[in-house]
Amino acid sequence: MMGPRTPTEPDATMSPLRRSSRSHGDRSDSTETLQKNNSSNSGVILDISALKLEVDSEVPPLPPRYRFRDLLLGDQSFQNDDRYQEEYSMDSTNAQVQVEFYVNENTFKERLKLFFIKNQRSSLRIRLFNFSLKLLTCALYVLRVSLDDPEQVTGVCVNCQNRTSTTAESTESTEINWELIFWVNRRVPVWAIQVIVALISFLEAMLLTYLSYKGNIWEQMFQISFILEMINTVPFIITIFWPPLRNIFIPVFLNCWLAKCALENMINDLHRAIQRTHSAMFNQVLILICTLLCLVFTGACGIQHLERASNQNLTLFNSLYFCIVTFSTVGYGDVTPHIWPSQLLVVILICVALVVLPLQFEELAYLWMERQKSGGNYSRHRAQTEKHAVLCVSSLKIDLLMDFLNEFYAHPRLQDYYVVILCPTEMDIQVRRVLQIPLWSQRVIYLQGSALKDTDLMRAKMDDAEACFILSSRNEVDRTAADHQTILRAWAVKDFAPNCPLYVQILKPENKFHVKFADHVVCEEEFKFAMLALNCVCPATSTLVTLLVHTSRGQEGQLSPEQWQRTYGRCSGNEVYHIRLCDSKFFGEYDGKSFTYASFHAHKKYGVCLIGVKREDNKSILLNPGPRHIMAAPDTCYYINITKEENSAFIFKQEEKDNKGLPVAGLYDAPSRLPVHSIIASMGTVAMDLQNPTDPPEDSSKLTLPTENGSGSRRPSIAPVLEIADSSSILPCDLLSDQSEDETNQSDEESSSVSDFVKGYPPNSPYIGSSPTLCHLLPQKASFCCLRLDKGCRHNSFEDAKAYGFKNKLIIVSAEMAGNGLYNFIVPLRAYYRPRKELNPIVLLLDYPPDNHFLEAICCFPMVYFMAGTIDNLDNLLQCGIIYADNLVVVDKESTMSAEEDYMADAKTIVNVQTMFRLFPSLSIITELTHPSNMRFMQFRAKDCYSLALSKLEKIERDKGSNLAFMFRLPFAAGRVFSISMLDTLLYQSFVKDYMIPIARLLLGLDTTPGSGYLCAMKVTEEDLWIRTYGRLFQKLCSSSAEIPIGIYRTESHMFPSSESQVSINVEDTGGDDQRDNRRESWKEKTRTHRMSTTSESEHPLLRKKSLQWARRLSRKNTKPPSRTERFSQQRLNLYRRSERQELSELVKNRMKHLGLPTVGYDEMNDHQNTLSYVLINPPPDTMLELNDIVYIIRSDPLAGPNVPEDPAQGQSSGGGRMRQDFGTETRDETHL
């Protein structure tokens, strides 16, 4: 009976594998224990003490590559190794078992199969040798025919002369000489060579048949290749043992078909060996050519041989000529076969050709169609000699393709580039039609394939590409899945071509960090929500950025009779460019000067707007770093202009200065003129007559601020811009006086609510990769229940927007769900540089309630609420406070981005917005659309002649090849509509301008770089019209607050006639035009007239003279005065419209009463539809300012340096205090002058 096992007793049942797995250090210690147990235990224990494996020993070298010696002998290197014999020797006491693997592959047959078939390189060499043998046999046959003499044909017996016959005896006979068919005159050297070749071919054929044997011998024997091989080799072998048969005819020319098969196999082995494949089209063309050659060669040799038996002997060349003429269906008839065997051969060849060739052509046509679908390959030679960029998309639409091609080829240095499109789907019919245009067919190559396959990336020559653009499919229902596909494509391209620059477009911000390795990344939702947010505080920011990132020459609308369209189109050609200061004519003279000084004087002298700079030792771009930044020669300057400086010519016109006491900085030349477009010259004279601060003019009242209460006078208000910053000449910024001034100017109730805000960084970010931005925050996070607008909680009982008593207008955002991108809508509106008293409450109207993760991210921001509802529900709109809102942002819904019919994805959004446009006419509605072409339906007016004229203008601009044909649509020009596809050009431009994405992010507030400014707006009031021109405004901003203006948002009163009869009636009223002409007589009269027009703006909208002329042109068909019936119809129509407006008003009031909401706010809403607005980017300095102009300015970062004077009272005494007092809550982020 076995007792309990002691701890020191080894386990007898332990497996040898476990015992052998002990460490090498334990083996020596356990040797004695194992030996003792061997004598005591009855079990079999393997003693491994004899094993002397050295772990640190040298690794044996790898065997050499597979050679023919290894084929015969096998791999004996391992067995012959002395160390192997020493270490693995067995004795009687220590049994060692060696296990061999893959023993079936060590047989002689398997080694032969490996050498002849499986191994690519050896098999390729054997097939090449076989192909050479077949060609040699065909060449020997031609040599034998050329040396053949039919008169010396010998019969069966070589030494028997009785069987000798000549053709001379039967020249007159029409019978067939069969002996000439079966017997030939073959010379001994030729016979010897043919016998040797036949022996080699026979042995090779038998060996391959043996190796490929799979159990059915008859299948192997009845293969056509095997039969042909036997016919051409066995007779020669027989002649070795039976000499009388040496002159027998053997159809050796049939080896051409074996050569064809060997060539096909050789190409396949070549593809396997070098791991590169030609297209199937190439293989099929090669097979077709080989088939034709074999048919012609077989026919020529066969006919020539058979015609030897006739009285008219044909040469091999004549037979070849006959075959070519016959197969080409020409049939001259000068050479024909004369005996029936040769005629029968021709019939057989024609039948074979009729069967074989159509099959080959059918396969070729099929491959050609498939190649047209897949696009073929981009050749390696072209990739090495030409430059190309690759566009990877999941589905290619015509709009996406044309936007990419127009923007990509808009740059002169990209004209020689090729575009290779890699798309997994079949080419669309519209895309195919466009790519057949000669303009694109020579530049664009479409390849159907996947970016996840290395073969397709090799077809596109991705490793030689200059750039790879990977675009997401924004029309997918699941946008997250679309991002995942984009990420995989980016990873695949980076793995295949690490040195290829990547330009990636991503949809969701939470997926951005997966493609952080890319050279340039554009996150769609980040830009979209940031741009929509800035549209609420800086009107038409979306239009401003869209025009900046589109390539244009500024020639749009220049033939229009409308003045605003010509100005708007010319200014739309401004783009952002860069140049080094030391290489610039624009900015080279400002080396050592302040940034503000360089920006103002460059704009004054050349009409260019310097907006940013980058130090040589710093990679960050700074927008308006302020007057403390001193320009240096290696700095890179970023400026806005019609074209870059390298394409500009400078024509200087020296002007005479009456006042010689002006400083040197006041002497300027005329503006530059572009050599190609002459656009800068068309801006007019940009040299301005600045007032000398030391010698004021006689009529100095035109440049002074109006006095208060009629007492006191002020100094000239526009000071010169200093070369070096002086703190005493810069007015304090409103932002820095926010904490002091807001608290002193507000009531106790307001100050108590506003003083609760603190500045800091948001503690919770909803996704990885968001840039930290200093914002206005709550001291403590709000509870999730307090974020619900329409439901009260234990903290407050408010259930609608009216109950909260907001001081500022609301901003309502309508979205389908609270995505992480919506976080970027809130951050710019709560940024630290927004004054506290101007923060607008934000209400998120969501179709689906947000999750706690999103609420955790927004609960730290002040006055941010959410509500579940939709925009097509009037009750939801009224509860969220739409009558107290100043802006309503309608975000495109993901569920409606895809539709069965293209361009119908925006149908629901457009109709809902049109309904709100009718119900709340004074509400500023900012809408995002999927397709930019649908913006023509926004604020749609039926029978509107003006809209019809704009539609015609859009078609004209599109026919001219403009990339911005939609720019004259009133909703886009006013910034009321936006499509994210317009920003696709931002990614395309980054290939040429790698600074565009950082500048756009800085403008939109997505990134905050220390020392970089931010985009804001200011409004020109009636008290600011004394500045007169945009150039003087530039000087005023630069000298007072170091702000850089970059454009104007202008709103003009306009009459939109609804019918032709109404146009003919209103044309007679031209009193407003006379006032406009008289305004040019003097500046005082202009100011007075502007005030008069402002007071009567709501009663009598201004009709611009050009607008009337254009409307008059449209109404030429009806030049007769309106009849009484037409006037009555127009009056009836006006009554109907008034009744419709009243009906809509009653509907809204009834719903408000039902919800318990007061109707006072709705009564105050007026119809402001008779206005048009547009953006002027970098207008000429002599552009006259108008009332209610909103100026886009880049304000310097107040946290970057002391850009304010040491004594704030000094700035307030010069008019700055009054400006800040007049800074009301109505203008949000607008600075009054």
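This is a predicted model: local features need pLDDT of at least 70, side-chain atom pairs count only at pLDDT 80 or more; totals for chains, interfaces and linings use all residues.
How many salt bridges do we get altogether? The count comes to 24.

If you look at the strands, 6 of them form an open sheet, and the order across it is β3-β2-β1-β4-β5-β6, with parallel pairing. At the edges sit β3, residues 444-448, and β6, residues 520-523, each pairing on one side only. Going from one strand to the next, the twist averages 15°.

Let's zoom in on one pair of neighbours. Strand β4, residues 467-470, runs parallel to β5, residues 502-506, and they pair over 3 bridges. What stands opposite I470? That would be V504, over in β5.

Now for the helices on this sheet. Helix α20, residues 479-496, packs on the sheet and touches β4 and β5, and its direction makes about 170° with that of β5. Then there's helix α16, residues 398-408, which lies across β1, β2, β3 and β4 and runs at about 155° to β2. If you want to find those strands on screen, β1 is 388-392 and β2 is 418-423.

R459 and D456 meet through their side chains in a salt bridge, 3.0 Å from N to O. Both belong to helix α19, residues 454-459, and they're 3 residues apart, about one turn of the helix. R459 and D456 are both buried.

The other pair I like is K508 with E525, a salt bridge at 3.4 Å, N to O. This one links distant parts of the chain: K508 is in the loop between β5 and β6, E525 is in helix α21, residues 524-537, and they're 17 residues apart. Again, K508 and E525 are both buried.

And which residues join K508 and E525 in a network of salt bridges? R474, R479, E524 and D984 are linked with them.

Note on methods: Residues are numbered from 1 along each chain as its sequence is written. Side-chain values use heavy atoms; hydrogens and water are left out. Two strands pair if DSSP finds at least two bridges between them. Helices (H or I, at least four residues) and strands (E, at least two) are DSSP runs, numbered from the N terminus. Axes are lines fitted to C-alpha atoms, for helices over the stretch in contact, and angles run from 0 to 180 degrees between N-to-C directions. Contact means heavy atoms within 4.5 Å. A salt bridge is a side-chain nitrogen of Lys or Arg within 4 Å of a carboxyl oxygen of Asp or Glu. Buried means under 20% relative accessible area, exposed over 50%, partly exposed in between (1.4 Å probe, protein chains only).
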